[in-house]
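Q: I have a structure open and want to go through parts of it. Can we take it step by step?

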Amino acid sequence: MLLALRILAALVLIVAVVAVATWWRASARKAAAEAAYPPEGQFVAVEGHPVHYVQKGAGPDVVLIHGASGNTRDMTFSFMDRLTDRYRVTVFDRPGHGYTPRLALSGVTVADQADLLLGAAEQLGVTRPVVVGQSFGGAVAMAWAVRHPEQTAAVVSIAGATHPWEGALDRLYATVAAPWIGRPLAWLISAWVPMGYVESQVEGVFTPQTEPEGYAQQIGLGLIMRPENLLANAHQRTDLREELRVMRHEYPDLMMPIEILHGTADDIVGLEVHAEKLAQEAPDAQLTTLPGIGHMPHHVAPGAVEAAIDRAAAKAGLL
C-alpha cells in the first residue's frame, strides 16, 4: 500500500512538473511571437468584439480573407500591394487567428465568421466588395455571399473549400478539437513542437511549387503556434465539412459573379471536389484552372488571381 502511494505521488509530481514546464515554455513562445510580430494594422469592434484589419489603396472595395492557420500577413506579404493602385483593399484576421480573438472556444461557423467580418467591413465604410477568399477563406467568402448577397458585389475563390469531401477527418485536428484532451494537447504542441518542423509543414503547403523567399519569416509562425490559435483552427477545420454540406444547397441562388481559380496540382483542396462543383452549381461562376499549380496561387501565380479579381469587379460594374 505504501509503495503504491509513493508511486502515485511520484506520478503526480511528474505530471505537475511537465504541466508547469509546458505552460512556461508555451507562454514564453507566445510572448516572443507577439513581440516579433505585433499587429500590422488597426482594430475595429463589432458588438464589442475586436477585429484586426489592414486597409490600403483607393477605389472599389476588395476584401481578402486568409486560409486555415493563417493571418493578415499571408495576404500582405506580397499580394495585397498588387491591387492597391486601383482598389481599396481590406484584409482581416479571421476570428481565432492573428489578432482577432476567437468568438467562442468551439461551434464558430463560417457563417459566424462571415457575419463578424461583414460587420467590421461596414464600420470601415466598405460597401459591396469583391470578396476574395483562399482555402478556408473561400468557405467564408461563400458564406458571406450566401448570407448577404445584397452586400456582395462578387466572389473570387482561390483554391477555396466550398463542398463536403469524402474520407476521414484529419486525426490531429480532430483530436485537438476533442473535449478534455484538446486543450492540454494544444498547449503541448505549442510548447514542444520544433519550429523547424512547422516551417517544413508550411513549405509543404506550396507543393509542387517552392515557398517564396522570406515567407516563413514574414507570416509569423509563432503566432500560428499559440495555443488559442491551434484550438480555433482545429475546431474550425473539423466542423467545416458538415457546414459545407448544408451551405452548398444555397449556391444555385447566388446571382453575383463568381470567379474560381484552382490549381490542377492542389492536393490539399481538390479541384474536382470543390472548384468544379461550384462552377456547375453557381449560375454566374467561371472556373479558371491553373495547370501544375498547387494550393497557393496568390503567391505562385499572382497575375492569374489579380486578373480574376479584375474580371469579377468588371462584371459587377465596379470598374
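**Salt bridges and other details**

A: Arg86 counts as partly exposed, at 22% relative accessibility. Keep in mind that this is a predicted model.

Q: What does the side chain of Arg86 meet in a salt bridge?

A: The partner is Asp85, with 2.8 Å from N to O. Asp85 is exposed, and its relative accessible area is 62%.

Q: How many salt bridges does the structure hold?

A: There are 13 salt bridges.

Q: Why do such pairs form in general?

A: Side chains of opposite charge can pair when their charged atoms come close.

Q: Give me another one. What forms a salt bridge with Glu259?

A: Lys315 does, and the closest N and O atoms are 2.9 Å apart. Lys315 belongs to helix α13 (residues 302–315) and Glu259 to strand β7 (residues 258–263), so this pair ties together parts that are 56 residues apart in sequence.

Q: Is Glu259 buried or exposed?

A: Glu259 counts as buried, at 0% relative accessibility.

Q: Which residues do salt bridges with shared partners join into one network?

A: The network consists of Arg82, Asp85, Arg86, Glu306 and Asp310.

Q: And what about Lys30, what is its salt bridge partner?

A: Lys30 pairs with Glu228, and the closest N and O atoms are 3.0 Å apart.

Q: How exposed are Glu228 and Lys30?

A: Glu228 is partly exposed at 25% relative accessibility. Lys30 is also partly exposed, with a relative accessible area of 29%.

Q: New topic: helices. At what angle do α3 and α4 pack?

A: The angle is about 75 degrees, and the axes are 8 Å apart. Helix α3 covers residues 110–123 and helix α4 covers residues 136–147.

Q: What do you call that arrangement of α3 and α4?

A: Roughly perpendicular. Angles from 65 to 115 degrees count as that, so about 75 degrees falls in the range.

Q: Which residues of α3 and α4 make the contact?

A: On the α3 side they are Val110, Ala111, Gln113, Ala114, Asp115, Leu117, Leu118 and Ala121. Helix α4 brings Phe136, Ala139, Val140, Ala143, Trp144 and Arg147.

Q: How do the residues of that contact divide into nonpolar, polar and charged?

A: In the contact of α3 with α4, 11 are nonpolar, one is polar and two are charged.

Q: Now the backbone. Where is there a cis peptide bond?

A: A cis peptide bond joins Thr207 and Pro208, with omega at about 5 degrees. Pro208 is in the loop between α7 (195–205) and α8 (215–219).

Q: What is the phi of Ala159?

A: Ala159 has a positive phi of about 50 degrees, although it is not a glycine. Ala159 lies in the loop between β6 (154–158) and α5 (171–176).

Q: Is Ala159 buried or exposed?

A: Ala159 is buried, with 0% relative accessible area.

Q: And Trp180, what is its phi?

A: Trp180 has a positive phi of about 70 degrees, and it is not a glycine either. Its place is the loop between α5 and α6 (182–192).

Q: Is Trp180 buried or exposed?

A: Trp180 is exposed, with a relative accessible area of 83%.

Conventions. Residues are numbered from 1 along each chain as its sequence is written. This is a predicted model: local features need pLDDT of at least 70, side-chain atom pairs count only at pLDDT 80 or more; totals for chains, interfaces and linings use all residues. Side-chain values use heavy atoms; hydrogens and water are left out. Axes are lines fitted to C-alpha atoms, for helices over the stretch in contact, and angles run from 0 to 180 degrees between N-to-C directions. Helices (H or I, at least four residues) and strands (E, at least two) are DSSP runs, numbered from the N terminus. Angles under 35 degrees count as roughly parallel, over 145 as roughly antiparallel, 65 to 115 as roughly perpendicular and the rest as oblique. Contact means heavy atoms within 4.5 Å. Ala, Val, Leu, Ile, Met, Phe, Trp, Tyr, Cys and Pro count as nonpolar, Asp, Glu, Lys and Arg as charged, and the others, Gly among them, as polar. Buried means under 20% relative accessible area, exposed over 50%, partly exposed in between (1.4 Å probe, protein chains only). A salt bridge is a side-chain nitrogen of Lys or Arg within 4 Å of a carboxyl oxygen of Asp or Glu.
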